[in-house]
Amino acid sequence: MSHDKDNIMVVVSSPSGVGKTTLTKKIQQKYETFKISVSHTTRSPRSNEIDGVDYHFITDKKFKELVKQKKFYEYAKIFDNYYGTLKETVDTVIKNNDIIFDIDWQGNKQLSKFKNLKLIKIFLIAKNKEELRKRLVKRNQNTLEEIEKRLNAFEKDIKNWIDYDYVIINENLDACFKQIENIISSNKKNSIFLS
Ligand code: 5GP
């Protein structure tokens, strides 16, 4: 994979429920150079999700075919479903845009192997497990069983902060967004963020 030398790739990972999706969408809305990498997944769409916008929702069979054909830069099994980043999507988007990857630590590890990529890796965490529980309950997207699974994954997930360039505790969404903007502006040449 090669890309325009001025375009950057920002990986944002976090344990589920820390606010990553809200933050990545906020960046895309404010800065039109940024596109979110739309992943493929075998998970069922939630009621507010649109196929092709939030994810490309595909069957297990199709996902396995794409794996076999080596179409993904990275993929992982998370909470019983597969998620992956298609090479073709990234290669097309990076020609004219910056990219944000909303992917987990396993995907980050795999993408990091491409040493020619200008990756900026940000890890978001909640203040503690109790805070995370509150967010997951409030967001109302998961069953109690799913919430327990996500809480159990929290401790394992946060151990992976070591693979990232920046770690941010998301206590306040606006402050966290500002920190991400600062990180991007300090990494992007000719930055529109500097003004
Ligand atoms: P959700 O099902 O809540 O949308 O996402 C669950 C987790 O999957 C999140 O941590 C999200 O960052 C991660 N994820 C989404 N797309 C990808 C992907 O393409 N690759 C990897 N490795 N993780 C992904």
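Me: Which residues are closest to the ligand, and how many surround it?
Reply: In this predicted model, 15 residues surround the ligand, and the closest are S39, R43, Y55, Y83 and D102. A residue is counted as near if one of its heavy atoms lies within 4 Å of the molecule. Residues are numbered from 1 along each chain as its sequence is written, and side-chain values use heavy atoms, without hydrogens and water. Local features need pLDDT of at least 70, side-chain atom pairs count only at pLDDT 80 or more, and totals for chains, interfaces and linings use all residues.

Me: What is the make-up of that shell by class?
Reply: The shell has five nonpolar, four polar and six charged residues. Here Ala, Val, Leu, Ile, Met, Phe, Trp, Tyr, Cys and Pro count as nonpolar, Asp, Glu, Lys and Arg as charged, and the others, Gly among them, as polar.

Me: Which strands each supply at least two residues of the shell?
Reply: Those are β5 (72–78) and β6 (81–86). Strands are DSSP runs of E with at least two residues, numbered from the N terminus.

Me: What distances separate oxygen atoms of the ligand from the side chains of K20, R43 and R46?
Reply: An N or O atom in the side chain of K20 is 2.7 Å from a ligand oxygen. For R43 the corresponding distance is 2.6 Å, and for R46 it is 2.9 Å. A polar contact is a pair of N or O atoms within 3.5 Å.

Me: How much of the ligand's accessible area does the protein cover?
Reply: The protein covers 94% of the 520 Å² that the ligand has on its own. These areas come from the Shrake-Rupley method with a 1.4 Å probe.

Me: Changing topic: which strands are joined to β1 by bridges?
Reply: Strand β1 (residues 9–13) runs parallel to β7 (residues 98–102), with four bridges, and parallel to β8 (residues 119–125), with five bridges. Two strands pair if DSSP finds at least two bridges between them. V10 stands opposite I100 in β7, while V11 has K121 as its bridge partner in β8.

Me: Are the faces of β1 buried or exposed?
Reply: Both faces are covered: M9, V11 and S13 on one side and V10 and V12 on the other are buried. Buried means under 20% relative accessible area, exposed over 50%, and partly exposed in between, with a 1.4 Å probe and protein chains only.

Me: Why does I168 count as buried?
Reply: I168, in strand β9 (residues 166–169), counts as buried because its relative accessibility is 2%.

Me: Which residues is I168 in contact with, leaving aside neighbours within four places in sequence?
Reply: I168 is in contact (heavy atoms within 4.5 Å) with I122, F123, L124, I125, C176, Q179, I180 and I183.

Conventions:
Polar contact = N/O pair within 3.5 Å; in protein donor to acceptor, adjacent residues only side chain to side chain.
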